[in-house]
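The sequence and the structure are shown first, and the description follows.

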Amino acid sequence: MRAITIAPRQAGTLRMDDIPEPPAREGGMLVRAIAVGICGTDRELVDGIYGQACEGKERLVLGHESLGRVISAPADSGFSVGDMVVGIVRHPDPVPCANCALGEWDMCRNGLFTERGIKQADGFCAERWRTDPGFAVKVTPVLGIAAVLLEPASVLAKAWEHIERIGRRSRWAPQRVLVTGAGPVGLMAAMMGLQRELEVHVMDHNKEGPKPELVRRLGASYHTRFPAFEPDIVIECSGSPKVIVQAVGGSAPGGIVCLTGLGGSQHQASFDAARLNQSMVLENRVVFGTVNANLRHYHDAADALARADRSWLQSIITRRVPLERWQEAYEKRKGDVKTVLVFEN
Ligand SMILES: [Zn+2]
């Protein structure tokens, strides 16, 4: 079967391969790929910045934003033939650590977890893949290909869960949210803020292209500069050190700043630690980071996508590339928001 693979940590090794059918040890459920979303992590994997193949293998199947249709599933799994499903990216470490033992692999303490399409586990960018039913989530078929947004949405479902848990340290009545970065992650953050009936503002440096319109259609305000009010919550999705400094300094007293972005090593980050400390101590601000998601967050994200405006969700996917032209899916083009590699229409 066809699959998109790389030799991890070596740039220029991306290719379409003919690989064997997925091995039974990868799980009792067999799935036919519908689509795979491409994100910045994939481009970094392609550039050889990180990634690790399965033990004893030289190449890694890419793809962590999945969508597929069940070909076969164990009788008692809760899944049926034809169900639309998304596979979970991270799997718990084998020790396991205290968090992985409870199914909170997103909070793994020892770093020995595996991640499909990224770290020591083949991904979903293959015509067929297997998973343990415990690491798959059913999505409503009415979403169509937009259900491929479930994985990025799960990361934001976790971010919102943690923001709310932190918020409950005192009386919690947030009104205004600022999301920095209007890529797919920022758009999911904004969508979930509106679903919580908050006033949502999105800041992004793009004055043109589809992002301003996507934000407005969602019912949020679009800004190209840090707005002139103090948000109660900031969800930072750009990874830019400059924006992070603005977010911490510009948030309301008691504000919560959630960092979800990675700026990459090209940024020379410099924080004025004394000023940061003063801002956080004197007005009870919280800055925290979050990554990945566990099963509970995938289910929360599936609910959020099911409640969202379908045509808006569809329009986040700005390019759909058929498998035959797979190379194009890994190119970054002007006006891209989310690019999806399509296996089956
Ligand atoms: Zn762990």
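## Basis of the description

The model is predicted: local features need pLDDT of at least 70, side-chain atom pairs count only at pLDDT 80 or more, and totals for chains, interfaces and linings use all residues. Residues are numbered from 1 along each chain as its sequence is written, and side-chain values use heavy atoms, with hydrogens and water left out.

## The zinc site

The zinc ion is coordinated at 1.9 to 2.4 Å by Asp-93 through OD and by Cys-97, Cys-100 and Cys-108 through SG. Donors here are N, O and S atoms within 2.8 Å of the metal (3.2 Å for Na, K and Ca); water is not among the atoms, so sites may look incomplete. Along the chain, the donors of the zinc ion follow the spacing D-x3-C-x2-C-x7-C.

The angles among the four donor atoms run from 98 to 121°, and the site is tetrahedral; four donors count as tetrahedral if all angles lie between 85 and 135 degrees. The ideal angle for four tetrahedral donors is 109.5 degrees. Cys-97 counts as buried because its relative accessibility is 9%, and Cys-100 is likewise buried, at 6%. The terms are set by relative accessible area: buried is under 20%, exposed over 50%, and partly exposed in between (1.4 Å probe, protein chains only).

The peptide bond from Val-95 to Pro-96 is cis, with omega near -20°. Pro-96 lies in the loop between β7 and α2 (98–101). Helices (H or I, at least four residues) and strands (E, at least two) are DSSP runs, numbered from the N terminus.

## A three-stranded sheet

Three strands form an open sheet of mixed pairing, in the order β7-β8-β9. β7 (90–91) and β9 (120–121) are the edge strands; each has a single partner strand, so one side of each is left without a neighbour in the sheet.

Two strands pair if DSSP finds at least two bridges between them. β7 and β8 (residues 114–116) pair in the antiparallel sense over two bridges, and Arg-90 stands opposite Glu-115 in β8.

Helix α4 (residues 184–195) has twelve residues, which should span 16 Å at 1.5 Å a residue; its end C-alpha atoms are 16 Å apart, in agreement. The expected span is 1.5 Å times one less than the number of residues. α4 is mostly covered, with ten of its twelve residues buried; among them are Leu-187, Met-188, Met-191 and Met-192.

Glu-197 is found in the loop between α4 and β13 (199–203). Glu-197 has a positive phi of about 60° although it is not a glycine, and at 73% relative accessibility it counts as exposed. Asn-284, also not a glycine, has a positive phi of about 55°; its place is in the loop between α7 (273–282) and β17 (286–289).

## Nonpolar cores

A nonpolar core is a set of buried Ala, Val, Leu, Ile, Met, Phe, Trp, Tyr and Cys residues joined through side-chain atoms within 4.5 Å. The largest has 98 residues, of which Met-188, Met-191, Leu-313, Tyr-330 and Leu-341 touch the most other members. Helix α3 (residues 150–167) gives the most to this core, with eight residues.

Leu-313 touches residues including Leu-143, Leu-149, Met-188 and Met-191, not counting residues up to four places away in sequence; contact means heavy atoms within 4.5 Å. Apart from this core lies another, of eight residues, among them Met-203, Val-243, Ala-247 and Val-257.

Note on methods:
Four donors count as tetrahedral if all angles lie between 85 and 135 degrees; four count as square planar and six as octahedral if opposite donors are over 155 degrees apart and all others between 65 and 115; anything else is irregular.
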